[in-house]
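Let's take a walk through a protein model together. Keep the sequence and the picture side by side, and look up each residue as we reach it.

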Amino acid sequence: MLSVKEFKLSMFSNHYYRFINDFAKTDYESNKLLGKFYTDYNVADEMIERVVESITFLEENKTVSIIDPFCGDGRLIISLLKKIDSMNICKKIHIVIWDVDNTAIQQAKKSIEIFLKQTTLEYDLSAELTDAFVAYFDEVGKFDICVTNPPWGLLKPQKLFNTRCSEDKLNEYRNSIAMYDDYMKQEFSVSLPTSKFGKWGTNIGRCGLEVALRLIAPNGVCGFVSPASLFNDQVSLTFRKWIFENYNINSIAYFPAELKLYGSADVSSITAVVKVGTTQDLLVKVYDSEFNFTKRIFDNQEIQVIEDNDYSIPLEFGVEAMKLETQLKKCITLEEYCKHRNLAFVRELDETRVAEKLTDNGNIVFAKGYMVDRYSFSSEKLYLNESIVQPPKSVEFHKLVWRDVSRNSQQRRIKATIINPKCIAGNSLGAIYSTVDDLNELKILLAIINSYVFEFQARRKLVSNHVPVGILKKVKVPNAIQDDKLIQIVTSCLNGKECQAVLEVKIAKLYGIDYDEYFEILKFFSISPQEIEELKTTWKSTN
Ligand SMILES: C[S@@+](CC[C@H](N)C(=O)[O-])C[C@H]1O[C@@H](n2cnc3c(N)ncnc32)[C@H](O)[C@@H]1O
C-alpha cells in the first residue's frame with residue numbers, strides 16, 4: 001500500500017515535474033520553471049551568521065538536525081556547516097536536503113560530503129530527490145535549523161511549450177498543473193494571494209516559506225531568502241500577518257536590485273531569521289548598492305506601526321522611513337480626510353475606444369493623463385461627445401486630478417493639479433471633487449498630495465507603474481485647516497509662478513515633521529543640491 005506521501009506524490013506532483021523534466025530543453029528553461037535563483041555566497045554567509053547567533057538549543061551531546069528543503073547545489077547547508085564547525089556548536093549532526101532537480105541534489109550531496117570529511121563532525125546525510133511541498137508533511141516540527149531559498153515564481157502554464165508540443169500533450173500538461181495548483185492551494189492557505197487576477201497566481205516562493213517555517217521545532221530557527229516584495233506587496237498580506245502573529249522575526253536584511261545578485265533578474269531580495277514566538281525587537285539591516293549597510297532595531301511600538309500598516313516594512317526606503325511612520329501615526333488617512341470634508345473620489349470616463357466618445361468641439365473638455373503635470377494642465381482641444389456619453393454630475397465641479405501612470409524611475413511619481421468645471425477626467429487620471437464645490441479645500445489637498453512627504457509614503461506602497469486610488473487612500477495626511485496664505489500660494493503655483501518650495505515646507509510643517517527628519521526624507525529623492533539649498537533657506541524663513 002502507498003504511504004500518504006507516496007499517494008500525494010503520485011496524485012498531484014509527479015506528473016507536473018515529469019512534464020517540466022521532459023519539456024525543458026535548456027538550463028535557462030529549467031531554471032525558470034523550477035524558480036532557481038541561487039543565493040549569493042556573501043548573502044548566504046551573512047544570513048547564516050545571524051541564524052547561528054539566534055540558536056538557543058545548546059544542550060550538550062545533542063544531535064543537531066538541519067535541513068534545506070530546496071537545496072540546489074547545497075550552498076546554504078555548506079555555509080551553515082562551516083559556521084557550526086568553526087564555532088564548535090555540536091559534535092553530531094543530522095542533515096536533510098531535498099530538491100526536484102537530480103543534478104543539483106547529487107552535486108549538493110557530493111559537496112557536503114567533501115566538506116564534512118575535512119571536519120571532525122559525526123554526521124548522517126539524507127539527500128532525497130523529492131517534492132518538498134509534499135515531503136514536508138512527515139517532517140513538521142523536527143528540525144533545529146532550516147535554511148533555505150525556496151523557488152521563485154508563480155505556478156502557471158508556460159507559453160514556451162505552446163509551439164513545441166502537440167495539443168494533446170499540452171492539455172495533459174495543463175491538467176497536471178491544475179491538479180498541482182489545487183493541491184498547493186489546499187495545503188498552503190496562508191500563502192494564497194490576498195487578491196488575484198485570473199485563474200493562476202499560486203506563489204511557490206511563499207508556499208516554500210510556509211514549508212520552511214513548519215519544519216522547525218518549537219525552539220528551532222529558520223533563515224530564509226526571498227524576493228523583497230514579500231514584506232510590502234499587497235498580495236502577501238495574509239502570509240505576513242501569519243508570520244508576524246506566529247513567529248518571532250529576529251532580523252531582516254535587505255539587498256537592493258542594483259547589487260545584481262541574481263544574474264539577469266533585476267530584483268531586490270531579503271533574508272530573514274525567524275523563530276517560533278512573537279516578534280519583540282526586530283533588527284533591520286538595509287544594504288546599499290555598494291554592499292554597505294545601516295541597521296536599526298525596531299521596538300514594540302514600532303512593530304505595532306508595522307502591523308497597522310498591513311504588516312509591511314518600507315525596506316526600499318531605508319530604516320528612516322520606519323521612524324517617519326511612527327511620527328505619522330497621529331495623522332489621518334487620505335480616505336478619512338476626504339470623508340470629513342465633502343471630498344469624493346470619482347471615475348468619470350472609461351478611456352476604452354475613447355476616440356469614439358470625443359469630438360473636435362463641444363462644452364466639456366476631455367482631460368487625460370499626459371495633459372497633467374504638477375500644478376498644470378494643458379488641454380488638447382478634445383471634447384466629450386455628449387450625444388454618445390452622458391456626463392456625470394461631477395463634471396460641473398472643480399476637480400483635483402493626478403496621473404495614473406508613472407514609473408518608479410521618475411523623480412516625482414505624483415503629478416497632480418486642479419482642473420476647472422466643464423472638464424471630464426479620463427481613467428488615466430485619478431480624481432477627487434468637492435461635493436460642495438469648495439475650491440479652497442481642493443487647493444490645500446493639492447499641496448498635500450504634491451508634497452515630498454506624501455510622495456515618500458506613497459512610493460513605498462506603489463508596486464506597479466500606476467498610482468491607484470486604493471493606495472493613495474491609505475497614505476497619511478495632516479489634519480489641515482484652511483489657511484489663506486497656503487491657498488494663495490497654491491493659486492500662484494496653478495498660475496505658473498515658481499513657488500513650490502514654500503508649499504513643500506509648509507506641508508512638511510503641517511505634518512509635524514522637524515528639520516532633520518525632513519531632510520533625511522529628501523535623501524531618498526534625487527534632488528539637485530540647489531533645490532536642497534532652496535528648501536533649507538525656505539524652511540528657516542517659513543512659519
Ligand atoms: C531559489 S533556488 C535555491 C537553491 C539553494 N538553496 C540556494 O539557496 O542557492 C530553489 C531550488 O528549489 C528547487 N525546487 C523547485 N521546486 C521544488 C520542489 N517542489 N521541491 C524541492 N525543490 C524544489 C529548485 O530546483 C532550486 O534548486
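Start with Gly-263, which counts as exposed because it has 9 C-beta neighbours inside 10 Å. The cut-offs go like this: a residue is buried if 20 or more other C-beta atoms lie within 10 Å of its own, exposed if 12 or fewer, and partly exposed in between, with C-beta atoms placed from the backbone. You'll find Gly-263 in the loop between strand E8 (247-255) and strand E9 (269-276). Those labels come from DSSP runs, numbered from the N terminus: helices are H or I runs of at least four residues, and strands are E runs of at least two.

Before we go on, a word about what you're looking at. This is a predicted model, in which local features need pLDDT of at least 70 and side-chain atom pairs count only at pLDDT 80 or more, while totals for chains, interfaces and linings use all residues. Residues are numbered from 1 along each chain as its sequence is written. The pLDDT is the predictor's confidence in each residue, on a scale from 0 to 100. Here the chain has a mean pLDDT of 91, and 98% of its residues reach 70 or more. Confidence is lowest in helix H11 (residues 320-327), with a mean of 72, and highest in strand E20 (residues 416-419), at 98.

Now zoom out. The chain has 19 helices and 23 strands, and its C-alpha trace spans about 80 × 60 × 35 Å along the principal axes. Of its 543 residues, 41% are buried. The chain is divided into domain 1 (4-227) and domain 2 (332-541), with bounds that come from an automatic or database domain assignment. The centres of the two domains, taken over C-alpha atoms, are 46 Å apart.

Tyr-38 comes up again at the ligand. Which residues are closest to the ligand? They are Tyr-38, Thr-39, Phe-70, Gly-72 and Asn-149, out of 25 residues that surround it. (A residue counts as near a molecule if its C-beta atom, placed from the backbone, lies within 6 Å of it.) Helix H4 (75-86), strand E2 (92-99) and helix H6 (132-135) each supply at least two residues of this shell. By type, the shell divides into 14 nonpolar, five polar and six charged residues. In that count, Ala, Val, Leu, Ile, Met, Phe, Trp, Tyr, Cys and Pro are nonpolar, Asp, Glu, Lys and Arg are charged, and the others, Gly among them, are polar.

What about the inside? In soluble globular proteins, nonpolar side chains tend to be buried together. A nonpolar core is a set of buried Ala, Val, Leu, Ile, Met, Phe, Trp, Tyr and Cys residues joined through C-beta atoms within 7 Å. The largest one here has 80 residues, and those with the most contacts inside it are Ile-66, Ile-77, Leu-80, Ile-145 and Cys-146. Helix H8 (residues 204-215) gives the most to this core, with seven residues. Apart from it lies another core of 62 residues, among them Val-372, Cys-423, Ile-449 and Tyr-511.

Two residues are in contact if their C-beta atoms, placed from the backbone, lie within 7 Å. Leaving aside neighbours within four places in sequence, Ile-66 has contacts that include Ile-77, Leu-80, Ile-93 and Phe-143. Over the chain, 77% of the contacts with a separation of 6 or more are between residues 24 or more positions apart.

Let's finish with a few single residues. Is Tyr-311 buried or exposed? Tyr-311 is buried, because 20 other C-beta atoms lie within 10 Å, whereas Phe-291 is exposed, with 11 C-beta neighbours inside 10 Å. Phe-291 is in the loop between strand E10 (282-287) and strand E11 (293-298), while Tyr-311 is in the loop between helix H10 (300-308) and H11.

Last stop: Thr-359, in strand E14 (residues 358-359). Thr-359 counts as partly exposed because it has 14 C-beta neighbours inside 10 Å. Not counting residues up to four places away in sequence, Thr-359 touches Tyr-383 and Asn-385.
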